[in-house]
Amino acid sequence: MYVMHSKLFAEVILPLPVGDLFTYRVPADFEPSVKVGVRVVVQFGARKFYSALVYRLTNEAPSGDFEMKNIDAVLDKEPIVNQAQFILWEWIADYYCCSIGEVYKAALPSALKLESQSKVCFNPEYKIPSGLSGEEEALLFMLQGHGQSSIREINRFLGKKSSLATLKLLLEKNAIILEEKLKESYKPKTASFVKLFDGVEEKLEGVFAEIKRAKKQVGLLEFFLAETIYHADKKEIIAKAELLKNGNFSDAVLSGLVKKNILEIEQVEIGRLDQTLGEEIKASKLSEAQELAFDQIKTELAGKKPVLLHGVTSSGKTEIYIKLIEEQLALGNQVLYLVPEIGLTTQLINRLKKVFGKKAGVYHSKFNDSERVEIWLNILEQKEDAYQLVLGARSAAFLPFIKLGLIIVDEEHESSYKQFDPAPRYNARDLAVVLGQIHKANVLLGTATPSFESYLNAKTGKYGFVELKERFQGIELPEMIVADIRKASRQRSMKSLLTPELHQEIENALKNEEQVILFQNRRGFAPYLQCTTCGWIPKCKNCDVSLTYHKYRSSLICHYCGHTSSMPANCGECHSEDIRTKGFGTEKIEEELSVLFPEAKIARMDLDTTRAKKAYEQIIYKFEARQVDILVGTQMVTKGLDFDNVSVVGILNADQLLNYPDFRSFERSFQLIAQVSGRAGRKNKQGRVIIQTSQANHPVLKKVIENNYSGFFNQQMVERKIFKYPPTFRLIKIVLKHKNRDRLDYAANNLAVNLRKRFGFNLLGPEYPLIGRVQNWFQKEIWIKLPKNHQIGKSKKEILTEIQRMKSLPNHSNLIIYADVDPM
């Protein structure tokens with residue numbers, strides 16, 4: 001029997017680290033529905049099925065003698081990726097030396113990338129309705145009984161080559177969940193609300209008689225009634241936090257009424273961040289300095305190039321952003337507002353919601369699959385409830401914008417914008433500039449401490465440049481005091497970890513009922529333990545790094561691989577029992593402060609205390625509500641948070657920042673110290689910043705105290721030019737990994753010899769990095785410096801060719817090699 005073959009072929013992108021597109025035949029039945037940007041199910045290899053993206057359609061069959069496979073199913077009626085996204089993906093793959101498949105995998109939510117190895121679970125919250133197809137119903141009952149199944153097992157159960165089309169329908173109905181995302185599911189945001197216990201309203205007189213001797217309970221109940229059922233708005237419930245704060249009552253008083261069944265507390269879902277938080281209000285009126293900066297930004301943006309806004313901390317950059325956003329939304333345009341950390345969205349979205357209501361929303365990787373897909377499709381299809389203003393971390397740059405008018409990159413200097421692993425290893429700041437060019441959208445980069453790259457671009461005219469030199473409402477910049485640790489130690493005047501200057505300032509702040517932030521960029525109790533007899537230090541068995549002591553868990557933890565061991569009773573070498581902690585982390589600071597200031601309420605903000613979904617939010621709320629007097633934290637406390645009552649900021653060990661062996665260490669030190677200092681004296685009075693160091697005359701500290709960023713930049717640029725480092729030169733880092741040290745050495749030396757023929761003295765290495773082994777993988781690095789005017793595209797192709805040659809050599813199947821362009 002003669003079968004007529006279709007003459008239409010689809011070149012597709014697979015979510016795999018393979019460099020090429022793959023061509024499949026489009027069956028005649030599928031021709032009307034296959035379009036560029038839709039997902040199709042294809043077989044790749046002997047047994048695996050993937051959802052691939054149609055990149056191009058052609059009538060020309062590829063040359064070569066091989067059997068061409070057909071597309072098995074079409075998953076979408078309309079494209080889920082638009083042309084602008086494909087252009088961006090191509091640029092990322094080309095610039096960052098990765099495959100377009102890796103970009104596809106990073107860009108789309110997991111639910112849009114079904115593959116035969118995915119694990120599928122039944123959603124326990126889903127009620128199976130009537131009206132499902134027999135296949136859907138049978139599959140759901142099977143998943144209910146099995147707990148989870150792979151797509152391959154589901155294919156076998158349904159007797160089909162591919163079940164991805166069926167699974168797509170069930171995902172859309174929220175009936176199933178992909179297993180790999182279960183642990184990261186974003187739970188509904190709830191808050192504690194207080195209401196009268198059932199039946200109490202009818203017998204209030206007797207209730208008051210019952211509690212008349214508990215004066216505070218009587219007061220709280222009276223206040224509650226005044227704010228709810230006796231209030232003009234006749235409310236039944238009130239937020240617990242609002243009740244306690246506005247009425248000035250303690251948690252214990254409320255608990256007493258709850259135990260007596262007079263009041264009760266219930267958790268109320270206050271909605272995802274797509275719900276309006278409070279009444280919409282008009283944007284604040286700009287100050288004279290802000291108005292001038294706003295006009296200058298508009299003038300610079302008219303020149304169709306990115307603009308760098310260099311505004312001191314607390315200068316009101318956000319208010320300027322809001323004004324610019326208002327103009328774009330009035331034109332019907334979309335706005336992308338990027339922040340470096342997911343945590344920063346907490347405070348910022350509340351602020352944006354008050355002005356823009358439901359037009360503003362959040363998108364980031366902590367949402368579950370169905371939510372991310374919903375936001376993706378709403379923006380793509382421009383539905384009525386689609387966000388016009390999207391606030392998010394770097395992954396938000398991949399959304400399918402149709403009418404993008406403005407991109408804001410806040411705190412543009414932050415290294416968090418750089419993706420490290422896995423590929424693509426992109427920088428969202430640079431990606432935003434390219435995205436702006438593709439959409440012909442305005443791009444605004446804002447910061448108090450610009451990256452050298454952006455500042456040089458501004459100074460050379462590649463970017464527009466606007467400065468905002470004064471704080472909002474005339475608030476003074478904080479007074480900075482350098483406290484000499486060496487001198488204080490010599491005079492024996494240290495109070496535990498605090499110099500006399502910092503100790504005195506904390507005492508004064510607490511006396512005046514003001515708040516304090518203390519910064520130490522190291523979590524845990526102590527960086528390491530050491531035997532005082534022989535010098536033995538416990539190390540990780542998987543990594544070349546000492547184990548960090550975490551007292552609250554009474555264990556030693558590796559911060560690279562997570563390996564944990566119990567606290568040793570004696571030395572692993574000489575068996576001495578005299579083992580002591582060395583150095584200090586946030587956990588130890590918290591403990592020492594509780595001894596020095598026993599009356600103070602102390603909280604800690606680091607990775608250990610913010611692992612839970614709402615933990616970060618709760619710490620910020622408590623600090624804003626003044627339920628915490630002293631906040632100890634790592635870098636998290638430096639990033640754009642706004643607290644009204646902070647009068648003192650302490651940097652406990654500036655030496656740790658200044659002495660880090662990296663060519664960017666001075667730049668990062670300036671940025672971190674300036675940013676954390678900006679948390680002091682933000683709204684009511686001038687704050688004080690105490691910088692503890694044993695290098696009191698360090699040139700970086702002098703420039704920070706002078707607030708002389710320009711002078712610091714010029715000083716550092718002299719060294720950068722001499723030693724050929726960014727931003728005057730480009731860097732490409734080649735990383736090689738292997739579990740066998742000898743094979744790694746051989747491969748790294750071989751690769752370096754071949755690359756040195758091309759790049760000469762501009763190649764450094766191969767060399768082991770500071771941590772030469774992580775998770776039992778030894779690693780070496782080769783650094784290549786390229787002049788800015790160099791043909792970087794040609795050099796990248798040569799580098800990738802050499803990498804592929806090395807990978808293809810015998811015994812190199814387990815060798816990992818990748819290029820990282822513009823490493824941080």
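The paragraphs below walk through the predicted model, from the whole chain down to single residues.

Residues are numbered from 1 along each chain as its sequence is written. Because the model is predicted, local features need pLDDT of at least 70 and side-chain atom pairs count only at pLDDT 80 or more, while totals for chains, interfaces and linings use all residues; side-chain values use heavy atoms, with hydrogens and water left out.

We can start with the overall fold. The chain contains 25 helices and 34 strands, where helices (H or I, at least four residues) and strands (E, at least two) are DSSP runs numbered from the N terminus. With a radius of gyration of 30 Å, close to the 28 Å given by the globule rule for 824 residues, the chain is as compact as a globular protein of that length. Here the radius is taken over C-alpha atoms, and the rule is 2.2 Å times the number of residues to the power 0.38. The C-alpha trace spans about 95 × 75 × 70 Å along its principal axes.

Of the 824 residues, 54% count as buried; buried means under 20% relative accessible area, exposed over 50%, and partly exposed in between (1.4 Å probe, protein chains only). Among contacts (heavy atoms within 4.5 Å) with a separation of 6 or more, 74% come from residues 24 or more positions apart. The accessible surface of the chain is about 38,300 Å², and 49% of it belongs to carbon and sulfur atoms. Those areas come from the Shrake-Rupley method with a 1.4 Å probe, and for residues only the protein chains shown count as cover. As for charge, the mean positions of the 114 positive and 100 negative charges lie 5 Å apart. Lys and Arg count as positive and Asp and Glu as negative, without His and the chain ends, and each charge is placed at NZ of Lys, CZ of Arg, CG of Asp or CD of Glu.

In helix α8 (residues 240-247), the buried residues are K240, L243, L244 and G247. They cover an arc of only 90 degrees around the axis, so they sit on the same side of α8; the arc is that of the directions from the helix axis to the C-beta atoms. In general, an α-helix has 3.6 residues a turn, so residues three or four places apart point the same way. Helix α18 (residues 586-596) has T586, E587, K588, I589 and L593 as its buried residues. The partners of these α18 residues are strands: β20 (515-519), β22 (548-550), β25 (579-582), β26 (602-605) and β27 (630-633).

T318 belongs to helix α11 (residues 317-330) and is buried at 13% relative accessibility. Not counting residues up to four places away in sequence, T318 touches Y337, L348 and R351. S395, in the loop between β15 (389-392) and β16 (404-410), is buried as well, with a relative accessible area of 16%. With the same exclusion of residues up to four places away, S395 is in contact with Y363, H364, S365 and Y426.

The C-alpha atoms of G134 and K105, 29 residues apart along the chain, are separated by 32 Å.

The backbone has some features worth a look. Most residues other than glycine have a negative phi, and most peptide bonds are trans. N248, in the loop between α8 and α9 (251-259), has a positive phi near 60 degrees and is exposed at 69% relative accessibility. E513, in the loop between α17 (500-511) and β20, likewise has a positive phi near 60 degrees, and its relative accessible area of 68% makes it exposed. The peptide bond from D421 to P422 is cis, with omega near -10 degrees, and P422 falls in the loop between β16 and α14 (428-439). Another cis bond runs from P726 to P727, with omega near 10 degrees; P727 lies in the loop between α23 (709-722) and β30 (729-738).
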